[in-house]
Amino acid sequence: MKKLFTTLFITTAIFAASCKKDSTPGQETAPEVEGNKLAPEGFNFATTKDVNVNITLRTNTNEAIAGVVVNVYNPSNPDAAIFKAVTDKSGNIKGKITVPSSLTQLVIDPAYVGLIRNVNAEIKGNATSIVIGGADGVSGDFINVVPNTLKTNSLTTNASSLTTISYPSPYRNTSEAVLNTSSYPLSLGRPKYLEATGDAISAELLRNVNASLPESSPLPQTHPEYLKSTVTSTLNIVEQSDVWITYVSEGAGNLNTLAFYTYTTGNPPARERDIRNATYIFPNASGVGSGGGLKAGDKVKLGRFPKGTTIAFMLIGNSWNGSGVNTGNTTYYSDDNLNPEGTASLRKHSVVLHDSANDLFLIGFEDLPRDGSSDNDFNDLVFYATSNPVTGISDDGVPPVDTGKDKDGDGVDDDKDAFPDDATKAYISYYPSENTYAQVAFEDNWPNKGDYDLNDLVVNCRYKFISNAKNQVISLTGDFVPVASGASFKNGFGLQLPVAASQVASVTGQNITGSYISRASNGVESGQAKAVIIPFDDQDNVLKYPDLSFFVNTMMDKNKVVGTTVSVEVKFTAAIDPANLQASAFNPFLISNKRRGYEVHLPGFAPTDKADAKLFDTSDDASKPSTGKYYLSNENWPWAISYNTSILYPIETAPINNAYLHFAEWARSAGTSYTDWYSNTAAGYRNTSLLYTK
């Protein structure tokens, strides 16, 4: 038995040292592709592109809006930003985003009340430029939104149809009252009776609006005092006054309608049917670029009202149908008792706040049932009322607006600041996003060709950046998840950052157990000019089968195991300009079988200082360091490839071009054709039987 065990151990050791992998040990064949070269010279198999983004935020009078955290999304994943930055004193953001090569547009969301949300921006070449706000509401490379189709609300009532709602005199119907021009077709619902000159909305006013009614923040938590039953939600006229309503913004997915009604102060309607007459203000209370035709500052005169009159509002949910108003839809009122919720404390759907500095009354509406799907931020429609004289509307029982707080003085208000007590930090961003991973996959037999299944080591990566209000990076955390190791080699995984090793203050969280990796006192690998971190030096420490067999998570007839996430935090000695820490410049690499000089990088990426340069241009490798050509074979095959997302990788010994049927065409086109070869699930794009799908 002892002799048998010794024989088996020696045989296994020889196999591990001399043969990388195969289902039949000792046999490796490269895939055959038509022509002499898989790809033309100069193509580095990049599946992503860098897009320059220029974002500007302005008031309707082109005043800069500073200190706003703007999120950018891939339209296919609206729940997790792929880029985040703060507007500077000029209201500008200039940055660079790494996205899939196939992506043609972005979604830009300032999440700032007074500005259009979720602007669709076209990527033109490798750039996009957008102005959100300004005189036009939105301009630049934006894609106009087609008005929403009518939706069915979760609450329905026909009570509002008992109220006669009319357009302001002399308009008798929608076709008379609403513009129908090439610039503003009828479907947008922009009224003809707007004042010739709208209001200038200042950055100071918008700051007050956002401090009072912050986007996506429940008002019961941020300002519970606004929702007390003793707080009025109406406008009470205390001396004869002319009254105007000015549109600020809307943050709703619905195409809502706003109207008003009046009654003698102290004698509110007990039931909806008690409101006999009402008047439309905004038949479609939606902004330009968001399914409507309104711009910030658009103004409507309600009329002249005697002392003792109360003005109340009604919001008819999702009622604009493109040619008129469906008055039978769920309606919410300034008078809480008329709203449909069963719980009295949830019946308030509007708040009125007094802004004494700007002589106006700010009004916010919530447009969904508060006992259901509402987010309770009360900014689904935001407008304000002004009067002449300014003392014509009572401020009794009306809470003051919040004017905003910035405790740490970094220029980002507390409600937008992820670190309101720390001036060195302002927000957290992720690459590729908070809920997705990028992926890098390797062949480990370099400089010899392998079987090109690109699964010898597969690692999912996600990077978290903590930045300050100047958009400089303070720290970086990489989460590295090993998902496959289709190899008998004991490979390590490294990452070279595009910054000097001396710029790193500390590195923590690495999984290093061997002696072939040496580290400097700050945690980076010693002897390197650039900062090199080694998340793990042996794949077996983070991903292995209980029986210690090879080809982990690459064979469908074996159980799947979950790897250990290695979370590495890198703190910098000083804040770093994001242009010098672009994710597309990150240089991941494999260390083959614990041989420190054997590094496998993505095509076109230079090795670290510890790579053995004598291996270049040997065996099957065609690297030419003098020309910048690295890690491509004589036939221009790569030894590594990366993605902006986590993909299904090939099973053992299945070449990637056989698993992904347009891979070769993409490569031959130098990346111009079939840019979605790995992400498209349509028929003819992949051979699922050759993909690891567990």
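**Figure 1. Contacts of Asp242 in the predicted model.** In this predicted model, Asp242 touches Lys301, Gly303, Arg304, Thr386, Ser387 and Asn388, leaving aside residues up to four places away in sequence. Asp242 belongs to strand S11, which covers residues 241-249. With one of these neighbours, Arg304, the Asp242 side chain makes a side-chain polar contact of 2.7 Å. Asp242 has a relative accessibility of 8% and therefore counts as buried, the cut-off for that class being under 20%.

Figure 2. UniProt, in an unreviewed entry, lists residues 305-388 as "domain: DUF4114". In the model this span is 0% helix and 38% strand. Its end C-alpha atoms lie 11 Å apart.

**Figure 3. Surroundings of Ser233.** Ser233 is placed in the loop that runs between helix H4 (219-222) and strand S10 (235-236). Its relative accessibility is 4%, so Ser233 counts as buried. Not counting residues up to four places away in sequence, Ser233 touches Ser334, Asp336, Lys348, Ser350 and Val352. The side chains of Ser233 and Lys348 are joined by a polar contact of 2.9 Å. Leu590 is 357 residues from Ser233 in sequence, and the C-alpha atoms of the two are 64 Å apart in space.

**Figure 4. Charged side chains over aromatic rings.** The charged end of Lys299 sits over the ring of Trp244, at 5.2 Å from the ring centre. Arg190 lies over the face of Tyr184, where the distance to the ring centre is 4.8 Å.

**Figure 5. Domain division of the chain.** Domain 1 covers 48-140, domain 2 covers 164-394 and domain 3 covers 427-646. Between the C-alpha centres of domain 2 and domain 3 the distance is 55 Å.

**Figure 6. Asp453 and the backbone of Thr653.** Asp453 is located in the loop between strand S21 (438-442) and strand S22 (457-467). A polar atom of the Asp453 side chain lies 2.8 Å from the backbone nitrogen of Thr653. Asp453 counts as buried because its relative accessibility is 0%.

**Figure 7. The aromatic pair Phe45 and Trp666.** Searching the whole structure gives 35 aromatic pairs. One of them, formed by Phe45 and Trp666, is edge-to-face, with 5.9 Å centre to centre and 70° between the planes. This pair links distant parts of the chain, 621 residues apart. Phe45 is in the loop between helix H1 (2-18) and strand S1 (48-58), while Trp666 is in helix H6 (residues 663-668). Why does Phe45 count as buried? Phe45 does so because its relative accessibility is 3%, and the class requires a value under 20%. Trp666, with a relative accessible area of 1%, is buried.

Figure 8. An unreviewed UniProt entry carries the annotation "domain: DUF4842" for residues 471-678. Over this span the chain is 5% helix and 27% strand. The end C-alpha atoms of residues 471-678 are 33 Å apart.

How values were computed: Residues are numbered from 1 along each chain as its sequence is written. This is a predicted model: local features need pLDDT of at least 70, side-chain atom pairs count only at pLDDT 80 or more; totals for chains, interfaces and linings use all residues. Side-chain values use heavy atoms; hydrogens and water are left out. Rings of Phe, Tyr and Trp (its six-membered ring) pair if their centres lie within 6.5 Å; planes under 30 degrees apart count as stacked, over 60 as edge-to-face and the rest as tilted. Helices (H or I, at least four residues) and strands (E, at least two) are DSSP runs, numbered from the N terminus. Buried means under 20% relative accessible area, exposed over 50%, partly exposed in between (1.4 Å probe, protein chains only). A charge sits over a ring if NZ of Lys or CZ of Arg is within 6 Å of the ring centre and within 35 degrees of the ring normal. UniProt positions are given in the numbering used here, feature names are shortened, and annotations may be inferred rather than shown by experiment. A polar contact is a pair of N or O atoms within 3.5 Å; within protein, one must be able to donate a hydrogen and the other to accept it, and residues adjacent in sequence count only if both atoms are side-chain atoms. Contact means heavy atoms within 4.5 Å. Domain bounds come from an automatic or database domain assignment.
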